[in-house]
Amino acid sequence: MDFQTFVFFFLAAILIFASLRVITARNPVHAVLHLILAFFTCGGIWALLQAEFLAIAIILVYAGAVMVLFLFVVMMLDINIDRIRQGFWNYLPLGAVLGLLMVLEMGLVLGSKYFQVPAADALVPAGVSNTKEIGALMFSEYVYPFELASLVLLVGMIAAIVLTYRGPKKSKNTNPNQQVFVKAKDRIRVLQMPVEKD
Amino acid sequence: MDALMNVGQGIFGGAWPAVWTLLKIVLIVAPLMLGVAYLTYFERKVIGYMQVRIGPNRVGPLGLIQPIADGLKLLLKEIVVPSGANKGIFIIAPMLAIAPALAAWAVIPFTDSLVLANIDASLLYIMAITSMGVYGIILSGWASNSKYAFLGAMRSAAQMVSYEVAMGFSLICVLMVSNSLNLVDIVNGQGEGRFAEFGLGFLSWNWLPLLPMFVVYLISGTAELNRAPFDLAEGESEIVAGFHVEYSGMAFALFFLAEYANMILVSALTSIMFLGGWLSPVGFLPDGIVWLLAKMSFVLFLFLWFRATFPRFRYDQLMRLGWKVFVPICLIWLLVVGVWMMSPLNIWK
């Protein structure tokens with residue numbers, strides 16, 4: 001077993017353990033932390049496959065930014081675990097079907113040799129920066145899907161703002177025009193009441 | 001050097017590359033830790049003189065042994081774990097704070113050959129690793145089971161995520177003009193240009209053509225470090241000391257070390273991206289690591305100067321500065337640089 005294989009198995013073991021803990025941990029904060037560990041390890045495995053741009057991107061975007069906000073929200077939630085587990089058996093069939101589908105898809109991808117799909121030659125010659133390669137492809141061949149994706153993100157961003165924005169702050173300036181026309185009885189009410197005694 | 005390699009090969013055999021890398025790591029981390037210790041001394045002295053005080057002057061000549069004494073004191077103190085704390089995370093959090101601060105140094109070039117790992121995407125690596133530093137702070141705040149610590153962690157997380165955006169944009173400008181993600185190439189690119197040919201290298205560095213980005217990077221860097229005037233995360237007048245209020249002894253010291261190691265890291269990055277790294281400012285002096293250290297010291301002095309000068313920002317002002325001032329400036333300057341590079345006036349060929 002050469003060193004690279006050893007590193008792969010080491011990272012894979014951590015990844016599987018972390019992913020398992022994501023769905024089994026009782027404390028939601030622990031689950032999120034294991035998800036972060038899973039992303040980080042996944043980045044390591046991608047770096048091992050010489051996809052250094054993707055490896056760094058997953059750490060930068062998912063582990064470094066998305067999960068911070070996620071953790072932020074989860075830490076402030078007061079989650080009652082028993083109530084979440086209530087519908088477990090009702091949802092199990094649907095979840096099992098989805099899980100089977102995912103296993104099937106992964107099998108199709110990983111077993112491409114068996115299904116005689118010509119495998120892409122993944123090895124890149126040394127000295128080719130795959131950041132540059134991805135950039136060139138993204139802005140030439142895939143420019144329309146890329147722009148479309150950014151448009152979808154923009155729509156999402158605007159939607160989030162529209163949903164949470166409550167209009168500009170109410171102005172606290174006084175209007176002299178209204179002040180002039182104010183009468184005493186609008187502001188003050190004189191009540192007649194008997195004296196109270198204990 | 002070859003003789004050393006041969007001797008090492010003889011003693012350790014196949015394990016020599018690993019041992020040699022470990023040796024290099026020690027050679028980077030040991031001076032870094034010493035630098036951190038004396039940065040605290042320097043900070044107290046500089047701020048002392050700015051406030052017409054003397055600063056530490058009791059331990060050793062001129063108070064020079066003060067940081068060592070402080071470190072020893074912290075080492076010998078007990079680490080108290082609060083009763084309601086989440087113990088595992090409480091102990092892991094300081095480690096999560098200091099690990100990225102040290103790991104980022106792997107790709108920092110000190111001269112064009114003196115670098116631990118000269119990788120192609122080193123700029124991206126730095127951004128990815130430094131973005132992990134926020135977990136130490138968030139988790140310490142959450143695990144402490146204290147309101148003050150939690151408030152500090154919340155503030156700090158929002159602040160670091162916001163300012164990372166502006167910081168990333170200013171670095172995108174740098175990588176556009178250098179046409180590379182490699183820090184060594186970024187510095188070498190700054191050594192070329194019309195002014196450099198006249199022997200006035202310092203006018204060819206990125207700080208001049210990218211002046212707005214230099215300012216944005218420096219200020220966002222200060223915010224990212226949670227340094228004054230952006231130290232809302234620890235605002236001692238409102239939330240005691242923020243996220244590390246429950247920590248004592250060496251666990252507290254790790255947060256402290258992480259903060260100062262990050263300060264040195266940001267000063268090194270500013271020097272490399274905008275101030276020409278190890279390049280000499282004028283043509284008749286040789287390039288060398290001395291210049292990098294001098295530039296880093298200058299940037300570090302700026303951080304201390306900021307702390308002594310500016311009052312703390314209010315939280316809404318902080319968010320306004322990050323999102324409504326820096327991000328638009330960055331977006332506009334990104335466009336300006338793009339158009340500039342495509343026009344005949346392009347100076348980065």
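The largest nonpolar core holds 119 residues. Such a core is a set of buried Ala, Val, Leu, Ile, Met, Phe, Trp, Tyr and Cys residues joined through C-beta atoms within 7 Å; buried means that 20 or more other C-beta atoms, placed from the backbone, lie within 10 Å of the residue's own. The residues with the most contacts inside this core are A:Phe39, B:Ile138, B:Ala261 and B:Ile264. Helix α12(B) supplies the largest share of the core, 18 residues. B:Ile138 touches A:Val68, A:Leu71, B:Ala153 and B:Ala157, residues up to four places away in sequence being left out. Contact here requires C-beta atoms, placed from the backbone, within 7 Å.

This is a predicted model, in which local features need pLDDT of at least 70 and side-chain atom pairs count only at pLDDT 80 or more, while totals for chains, interfaces and linings use all residues. Residues are numbered from 1 along each chain as its sequence is written, and chains are lettered from A and ligands numbered from 1 in the order in which they are written.

Chain B contains 14 helices and zero strands, where helices (H or I, at least four residues) and strands (E, at least two) are DSSP runs numbered from the N terminus. Its radius of gyration, taken over C-alpha atoms, is 21 Å, close to the 20 Å that the globule rule (2.2 Å times the number of residues to the power 0.38) gives for 349 residues, so chain B is as compact as a globular protein of that length. Further values for chain B are tabulated below.

| Property of chain B | Value |
|---|---|
| Span of the C-alpha trace along its principal axes | about 65 × 60 × 40 Å |
| Buried residues | 44% of the 349 residues |
| Contacts joining residues at least 24 apart, among those between residues at least 6 apart in sequence | 76% |

Within chain B, the axes of α10(B) (residues 211–224) and α12(B) (residues 249–274) come within 11 Å and cross at roughly 170 degrees. Axes are lines fitted to C-alpha atoms over the stretch in contact, and angles run from 0 to 180 degrees between N-to-C directions. The two helices are therefore roughly antiparallel (angle over 145 degrees). B:Phe214, B:Tyr217, B:Leu218 and B:Gly221 of α10(B) meet B:Val266, B:Thr270 and B:Phe274 of α12(B).

Between the chains, 16 residues of chain A are in contact with 14 residues of chain B. Helix α3 (residues 52–76) of chain A gives the most to chain A's side, with 13 residues. That side comprises 12 nonpolar, three polar and one charged, with Ala, Val, Leu, Ile, Met, Phe, Trp, Tyr, Cys and Pro counted as nonpolar, Asp, Glu, Lys and Arg as charged, and the others, Gly among them, as polar.

Technical notes: Two residues are in contact if their C-beta atoms, placed from the backbone, lie within 7 Å. Angles under 35 degrees count as roughly parallel, over 145 as roughly antiparallel, 65 to 115 as roughly perpendicular and the rest as oblique. A residue is buried if 20 or more other C-beta atoms lie within 10 Å of its own, exposed if 12 or fewer, and partly exposed in between; C-beta atoms are placed from the backbone.
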